[in-house]
Amino acid sequence: MKRLSIVILTCNQKNITLECLRNLHPLIEHGDFEVIVVDNGSRDGTVQEIISLYPTIKVICNERNLGVSRGRNQGYRKASSEFILQLDNDTIPSVEAIMSMLTYAENNDEVGIVTCRMVDDKGIVQNNCRPFPGVLEKLKSILHLNDKDYSLVDFNNVLESDGSYIIGACQLLRRVVLEKVGYLDERIFYGPEDADICIRTARAGYCMKYLSGVSIVHYYARITKNRPYSRLAFNHLKALIYFYHKYSRWV
């Protein structure tokens, strides 16, 4: 069994994905680690380039875009380790940060999900720990009225009722937790699948940990913000409504 599996989802973002993989090179070449790339129907040569440059990487090729939840679940099922690190392809990972998250998880059985500090390419800290989504929180976000900087909070426990969740750009998950609470909800094409898994993890009695002492770079360009009338934006809205209904988060 491997020590850690790293799952990366991509779709028509070859250059960004390759930059992410370049920073994972020390781990790709290490026998205790594996990298799994799930390609959601790219037509830009992503798969061919990865196979050529990194023959040891496991690549899952989908003919079309299956969405975030289904794609990541494919990677989870292919993983052969106790811990799975989910990374967005627009991250620039740090080996130091990855090892810190993994070591912390290995030494703390009560922790279900671990993340680290995330910064943009200018070094500005991002809010990767946020209030659980609800209609009121969504409106506050749109109007820039959120009054807490969750990314700077070093927390141990996350309560579903009033706590925070870890965004899916960087989540180190414990396999036993996934087996217990279930994988990502595949009825969510793109959107709050990360909050959903955090809620189920918290309800199962596990806590989440934010490591503020290490960081990775995350470019973070929300597609639905740049293309508010696209099919993807519509699927995101559907996912939010589904999530609000699932957890009765209408306020």
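# Notebook: a look through the model

I started at Cys20, which sits in helix H1. I took helices (H or I, at least four residues) and strands (E, at least two) as DSSP runs, numbered from the N terminus. This is a predicted model, so I noted that local features need pLDDT of at least 70, that side-chain atom pairs count only at pLDDT 80 or more, and that totals for chains, interfaces and linings use all residues. Residues are numbered from 1 along each chain as its sequence is written, and side-chain values use heavy atoms, with hydrogens and water left out.

**Cys20**

Is Cys20 buried or exposed? Cys20 counts as buried because its relative accessibility is 0%. My cut-offs: buried is under 20% relative accessible area, exposed is over 50%, and partly exposed is in between (1.4 Å probe, protein chains only). I then looked up what Cys20 touches, leaving out residues up to four places away in sequence, and found Ile8, Asp88, Asn89, Thr91 and Pro93. Contact here means heavy atoms within 4.5 Å. I also checked Asp90: it is 70 residues from Cys20 along the chain, and their C-alpha atoms are separated by 6.7 Å.

**The whole chain**

I stepped back for the totals. The protein chain has ten helices and ten strands. Of its 251 residues, 54% count as buried. Among contacts with a separation of 6 or more, 78% come from residues 24 or more positions apart. The accessible surface is about 11,900 Å², and carbon and sulfur atoms own 52% of that. Those areas come from the Shrake-Rupley method with a 1.4 Å probe; for residues, only the protein chains shown count as cover.

**The sheet**

Next I traced the strands. Eight of them make an open sheet with mixed pairing, in the order S3-S2-S1-S4-S9-S6-S10-S5. Two strands pair if DSSP finds at least two bridges between them. Which strands stand at the edges? They are S3 and strand S5 (91-92); each has a single partner strand, so one side of each is left without a neighbour in the sheet.

I zoomed in on one pairing. Strand S6 (residues 111-119) and strand S10 (residues 207-218) run parallel, joined by eight bridges. Within it, I found Thr115 opposite Tyr210 in S10.

Ser5 belongs to strand S1 (residues 4-10). Ser5 is buried because its relative accessibility is 0%. What does the side chain of Ser5 make a polar contact with? I found the side chain of Ser81, at 2.7 Å. A polar contact is a pair of N or O atoms within 3.5 Å; within protein, one must be able to donate a hydrogen and the other to accept it, and residues adjacent in sequence count only if both atoms are side-chain atoms. Not counting residues up to four places away in sequence, Ser5 also touches others, including Glu34, Ile36 and Phe83.

Phi of Asn12 is near 55°, a positive value in a residue other than glycine. Asn12 counts as partly exposed because its relative accessibility is 41%.

**Helix H3**

In helix H3 (residues 46-53) I marked Thr46, Val47 and Ile50 as buried. Seen down the axis, the buried residues of H3 fall within an arc of 95°, so they line one face of the helix. The arc is that of the directions from the helix axis to the C-beta atoms. What do these buried residues pack against? They pack against S1, H1, strand S2 (33-40) and strand S3 (58-62). Gln48 and Ser52 are exposed, on the face turned away from the buried side of H3.

**Helix H10**

My last stop was helix H10 (residues 231-247), which holds Ala239. Ala239 is buried, with a relative accessible area of 2%. Not counting residues up to four places away in sequence, Ala239 touches Ile188, Tyr190 and Pro192. The C-alpha atoms of Ala239 and Ile188 are separated by 5.1 Å, though the two are 51 residues apart along the chain.

Then the rings. How many aromatic pairs does a search of the whole structure find? It finds three. Rings of Phe, Tyr and Trp (its six-membered ring) pair if their centres lie within 6.5 Å; planes under 30 degrees apart count as stacked, over 60 as edge-to-face and the rest as tilted. Phe243 and Tyr244 have ring centres 6.5 Å apart and planes at 70°, so that pair is edge-to-face. Phe243 and Tyr247 have centres 5.1 Å apart and planes at 55°, so that pair is tilted. Phe243 and Tyr247 are about one helical turn apart because they are four residues apart in helix H10. Phe243, Tyr244 and Tyr247 form one aromatic cluster.
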